[in-house]
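Subject: Structure handover

Hello,

Here is the structure I promised to pass on. Please open it first, then read my notes below.

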Amino acid sequence: MSSDAGIAPRRLHVAEAFLAALDNLREMVLGALVVLIAGGQSLGFGLVLGLIGLGIGLVAGYLRWSHTSYWVSGRALHFRTGVLSPDDTSIPVGRIQAIDSIQGPIQRVFGVQALHVQTAGGGSEGEIVLRAVADDEARRLRSVVGLPDPVELGLPEWRLRAGPLLVAALTGPQLGVLLPLVGALAAGGDNLLSDDQGERLLDELPDDAGGIAVLVAVAAGATLLLSVLGAIVAFAGFTLVRDGDRLRIRRGLLQRRTASLPLARVHAVDVVEGVLRRPFGLASVRIETAGYRKERAAAQTLLPLVRTRDVPRLLAELLPALALDGGPEQLRRPPSRARRRYALAPALAAALLGIALAVALPRAWPAIPALALAGASEGLLRHRAAGWRDDGRHLVIRSRLLARRTLIARVDRLQEHGTSASLLQRRARLADFQAAVGSGRTGRVRHLEADAARSLFERLRLPAPSR
């Protein structure tokens with residue numbers, strides 16, 4: 001079906017009224033709590049205030065729903081919302097890159113989904129957001145604008161099953177999911193510890209090394225558990241489909257997300273081999289696009305867990321423009337004489353950490369040489385991992401900072417590249433090379449031969465050959 005068929009003006013599903021009411025209630029709850037706490041009002045007064053707020057929220061939600069509509073006409077998608085001063089948005093059908101969907105708990109109760117209409121350069125938040133659309137209406141809208149539902153196409157899927165999902169959660173937990181929780185605990189902690197009860201709680205905390213160690217271990221274990229659960233919530237039900245010139249990704253346990261990404265928007269991929277994954281030959285693959293540069297790691301993930309040896313084959317199937325002849329292992333390396341430079345910086349940093357620890361705990365002085373040795377070993381591993389490759393169409397940069405990361409970028413999508421050298425590097429005829437893609441991801445190789453760094457810089461200044 002083409003966009004000429006059009007869609008007559010229609011409201012969203014009635015679930016939008018409840019979603020709008022919840023938005024209004026969230027805004028009023030904080031104010032109500034301030035009034036109750038500061039004014040010392042009774043529980044009954046708070047209950048009455050809550051019922052009034054609920055009524056106002058439901059009325060406001062109904063008004064917002066009744067004054068929100070969308071339609072397709074004149075080869076454009078139109079969206080109008082607002083009671084007193086309506087806002088109108090129109091997007092030509094030709095500019096629509098994708099229609100992503102999100103299905104949170106409330107949408108799942110009503111059997112609807114939120115649609116995010118994406119245009120070039122957009123992120124996970126669409127230029128138009130239809131928060132409550134029935135499944136059949138969503139399929140019709142996609143069909144009218146020329147973006148059929150991948151479920152109807154019967155395309156082969158790459159799926160993250162339960163076993164690999166658990167491995168992905170245990171070896172690469174989503175620490176970013178903890179930030180909102182940490183912020184809430186910090187805000188609540190200030191209030192809790194500011195009164196006499198908080199001071200008594202602090203007095204009861206252990207002040208010996210063993211007790212503190214137990215507290216730290218418990219806190220670390222709770223953090224790890226929450227981050228593992230966050231990874232499961234983010235990637236449960238993960239499926240990936242290549243539908244012609246676009247990728248379609250579905251993921252999420254509590255909030256099911258469906259994203260569609262045109263292949264042309266993918267500037268690079270980042271193959272991340274974490275500390276717990278690399279010994280088992282496992283990695284994750286992230287996509288680098290300008291539109292998703294500010295999104296969380298989960299939204300940038302192409303493959304949450306994959307065997308490293310399978311990456312070249314999967315890239316050839318999913319992102320042919322980033323497929324490498326011979327795989328990413330055929331890299332040029334920094335010179336052997338640069339090993340001591342790779343080892344020196346982390347060894348000094350680790351030794352300084354050991355000195356600071358010895359100042360705080362005099363018996364910890366043996367940690368100084370141990371930490372320095374560990375730092376030097378990490379530096380030698382960085383030298384071993386570092387490398388680059390340029391075949392005219394692709395630039396590959398590999399580096400290590402605990403995790404080993406391989407950036408595979410299209411040369412015609414590089415935003416910038418350059419070389420730099422300190423005074424000591426110039427005396428040793430060495431230089432660093434770095435390149436950045438549109439997402440902001442920068443790849444860097446340190447201590448190359450100066451002539452090799454300049455040669456690579458000059459080659460990348462030339463126009464990339466067309467495919």
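This is a predicted model: local features need pLDDT of at least 70, side-chain atom pairs count only at pLDDT 80 or more; totals for chains, interfaces and linings use all residues.

Residues are numbered from 1 along each chain as its sequence is written, and side-chain values use heavy atoms, with hydrogens and water left out.

**The sheet**

Helices (H or I, at least four residues) and strands (E, at least two) are DSSP runs, numbered from the N terminus. Two strands pair if DSSP finds at least two bridges between them.

The sheet is open and has 6 strands, in the order E14-E13-E12-E17-E16-E15. Pairing is antiparallel. Strand E14 (301-307) and strand E15 (387-390) form the edges, each pairing on one side only. On average, neighbouring strands are turned by 15° against each other, direction ignored. Angles run from 0 to 180 degrees between N-to-C directions, and axes are lines fitted to C-alpha atoms, for helices over the stretch in contact.

E15 and strand E16 (residues 394-401) run antiparallel, joined by 4 bridges. Here Trp 388 stands opposite Ile 397 in E16.

Two helices deserve a look. Helix H10 (residues 311-318) packs on the sheet and touches strand E12 (268-273), strand E13 (282-288), E14 and strand E17 (403-410). Contact means heavy atoms within 4.5 Å. The direction of H10 makes about 145° with that of E14. Helix H12 (residues 367-385) also packs on the sheet, touching E15, E16 and E17. The direction of H12 makes about 170° with that of E16.

**Salt bridges**

A salt bridge is a side-chain nitrogen of Lys or Arg within 4 Å of a carboxyl oxygen of Asp or Glu. The whole structure holds 22 of them.

Arg 400 and Glu 378 form one, at 2.9 Å from N to O. It links distant parts of the chain: Arg 400 lies in strand E16 and Glu 378 in helix H12, 22 residues apart. Both Arg 400 and Glu 378 are buried. Buried means under 20% relative accessible area, exposed over 50%, and partly exposed in between (1.4 Å probe, protein chains only).

Asp 412 and Arg 410 meet at 3.1 Å, N to O. Asp 412 counts as partly exposed because its relative accessibility is 42%. Arg 410 is at 14%, so it counts as buried.

Best wishes
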